[in-house]
Amino acid sequence: MRIALTWPLTVSFGLRWLWITPAVLVAALIAGTAIGETSIPIVTILKVLANHLLGADYTVNRIDAGIIWNYRLSRAVVAACCGTSLALAGVVLQALLRNPLADPYLMGISAGASTGAVTVAVAGVGAGALSLSLGAFIGALLSFGIVVMLAHAANSGVGGGRGVQAAGAIILAGIAGSQLFNALTAFIITKSASAEQARGIMFWLMGNLSGVRWADATLAVPAALFGLVVCLWHRRSLDAFTFGADSAASMGIAVRPVRGMLIIAMALVTAVMVSIVGAIGFVGLVIPHAMRFIVGSRHTRLVPASALAGAVFLIGSDILSRVLVSGQVLPIGVITSLIGAPAFALILVRGKRS
Amino acid sequence: MRLTAEQLDWAVHGTPLLIDVNLTVEPGQTFGLVGPNGSGKTSLLRLLAGLNKPKAGRVLINSQPLHSLKQRAIAQSIALVEQQADTTDRVTVRQVVALGRTPFLSALRPWSEEDEAIVTRALHDVDMHRMADRLWHTLSGGERQRVHIGRALAQQPKILLLDEPTNHLDIRHQLSILELVRQLPITVIISLHDLNHAMECDRIGVMDRGRLIDSGLPHDILTPNRLQQTFGVYAHVIDDPVDGKQVMRFRNAV
C-alpha cells in the first residue's frame, strides 16, 4: 500500500519544486535573523538588508541594524552553509560506500578537528599564532590523511569484489582513525586542561555558532557552493553506484578517480565547516535519509533536496538553540542530535515497514 | 564486435584464478561458458568486462586492447550482468533500467526522448514493462535478474556478458531470456550451469581450475567422457523424439 502512496508522491515532486528552493532558503534566513532573545520585526530586517545589499537609505535603530547584520544574518548564513555541506557529504558517502550509516565524520574528520583544536587551545601549540579554527582544520586534514593511508594499505592487493572491499576498508580505517584521535584528545585534556578549559572545549566540540561573523561566511559560502556544484556535476556517477562499485564501473564510471575525488572534496568541505563551527552531529546522517524518503534516491533530486533541507534544518536548530532556554545558548549539536536521533529512528522503522 | 582474450593470467593473494586463457568470440556469436563451481567463469567475465586488469595477457575488442580504452568507452561497447548485485535504495524498475544509459550521458548530453524510448524497449524485452513503477525491494529474485538484464540491454552493447543469468528464474523466464539472448544480433558470452541450455549456444568453452580446457561446437565438447572428467557426473545423450534434438541425462555423481 505504501508503494502506491509514496511513488506518485515522488513523481509529482519532479524537478518542478526546484524553483522554490531559493525562496525557502531566503525565508529560513530571514526567520533565523528575526527570531532570538529579542525578536526583530521582518520589516526592520528587510530595511537593513536593503541598506546593505541595494544601497538603500532607510533609517533603522543602529543597535538593531548591528544585531541583524553583524550577528544574526552572518550566523544564519554560516548555519545554512554548514547544514548544506554536511548533508551533501552524507549523501555522497552513503552513495559511494553503500553504507546507510556513513556520515561526514566517518573519515576521522571530527575526531581530528577536536585534537587539532584542543592542541592549540590547551597545549598552547603555535603560541597564539594559530587560531582554534586553523588548528581544527589542520587536525581534520591530518586525521583524514591517516584514514586514507590506512584504507589504502588495507585495500592494496585485494582482487575480486574490489568495490565492496574498498568501501569496507574506508569505514574500518575511519573507525580506527577516529578512535586514535579521540584518545589523543582525551589524553591532552586530562593531562593539561583545567576544568574550565575542558568545559569550554566540550562546548566547542558539540558545535557552536556563537562566535560566527562575516569573515567565517566568506569561507563557508564558497566551500558550500563548491560542494554543491561537485555533487550536481557528478549526480549521474552517484546514481551509477546504486548497485555498488563494480556495477558503476561496468556502466562506464572510472570508479577510483571519481570516488577518490568526491571523497576528498567532501572531506575538505566538512573540514572547513568543522573548523568554523565544531562537529555538529546527525545532520549528515539524517537529512539524506529523510530526503531519500521524500524525493527518492535519484541524485538529480536528492542533491538539491538535501542541500536545501540541511540548510533549513541547521538554521532551525540554531534558532531553537537560542530560544529553548532563555538567557542561555545551547550547543547546536545538542539540538541536532535531540531532533536527529528520534527522526533517524522513525525513518528506520518506517523504511523497514515499507 | 569480436572479443579476444590472449594468454590471460589472473591471481588474488597469490592464488591463481585464471591461467593462460585464450579465447576468440566472433561478432554475433553466442558463446556459452560452462564449468564446475570455482572454475573461473566469473573471474574471466570480470576481466573481459574490464573490471579487473589481468596479471598477464590482454583483452581485445575488435583489434583494440581494452586497457587502452577509458571505462566510459568500454561501457559503450560492453555490458555486464553480474551474478549478485543488490541495493537498499528506493529505486523503481524503470530507474534501474535507465541506469544503463549512464555511459552515453554527460553534462552536455542530457537525458533525451531517445533514451526514454530505449529504456521502454528494454523493459519490454525482459517482460518487465508492466512492473516499471514497482520498487526494487518488492521484486522477486527472478524479477530483479530480468531488470538487470534490461539495464544491460539499455546500454545497447555490442558485446553482452552474462554471469549465470538464469539463476533464480522460473523455467518460463529461463527459456525466454535465453531465447532473447540468442536472438540479439550482438556478441554474447554467457556463463551457464544448465548444460542443456549450453547446448543451444553457437559455441561453448569449458573452464576447469582456471583454465579454458576446451572450446568448440556444443555437441563436440559436451561428451559423456568430458562430463565425467570435468563435471564429475555420469551422463548420456538421448534424442528427443519431438524435435530430434539431443538432450543430456545425468545419472549420478562420479
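Author: In chain B, strand E1 (residues 3-12) and strand E4 (residues 56-61) pair in the antiparallel sense over five bridges, where strands are DSSP runs of E with at least two residues, helices are runs of H or I with at least four residues, and both are numbered from the N terminus; two strands count as paired if DSSP finds at least two bridges between them. Within this pairing, B:Ala5 stands opposite B:Val59 of E4(B). This is a predicted model, in which local features need pLDDT of at least 70 and side-chain atom pairs count only at pLDDT 80 or more, while totals for chains, interfaces and linings use all residues. Residues are numbered from 1 along each chain as its sequence is written, and chains are lettered from A and ligands numbered from 1 in the order in which they are written.

The two strands belong to an open sheet of four strands in chain B, with the order E2-E1-E4-E5 and antiparallel pairing. Strand E2 (15-25) and strand E5 (64-65) of chain B stand at the edges, and each has a single partner strand, so one side of each is left without a neighbour in the sheet.

Helix H1 of chain B covers residues 41-48, and seven of its eight residues are buried, so the helix is largely enclosed by the rest of the structure. Here a residue is buried if 20 or more other C-beta atoms, placed from the backbone, lie within 10 Å of its own, exposed if 12 or fewer do, and partly exposed in between. The buried residues of H1(B) are B:Lys41, B:Ser43, B:Leu44, B:Leu45, B:Arg46, B:Leu47 and B:Leu48. After H1(B) comes B:Gly50, which has a positive phi, near 80 degrees.

For residues 3-234 of chain B, an unreviewed UniProt entry lists "domain: ABC transporter"; UniProt positions are given in the numbering used here, feature names are shortened, and annotations may be inferred rather than shown by experiment. The end C-alpha atoms of that span lie 34 Å apart, and the span is 32% helix and 27% strand.

In all, 25 residues of chain A are in contact with 32 residues of chain B, contact meaning that the C-beta atoms of two residues, placed from the backbone, lie within 7 Å. On the side of chain A that touches chain B, H11(A) gives the most, with four residues.
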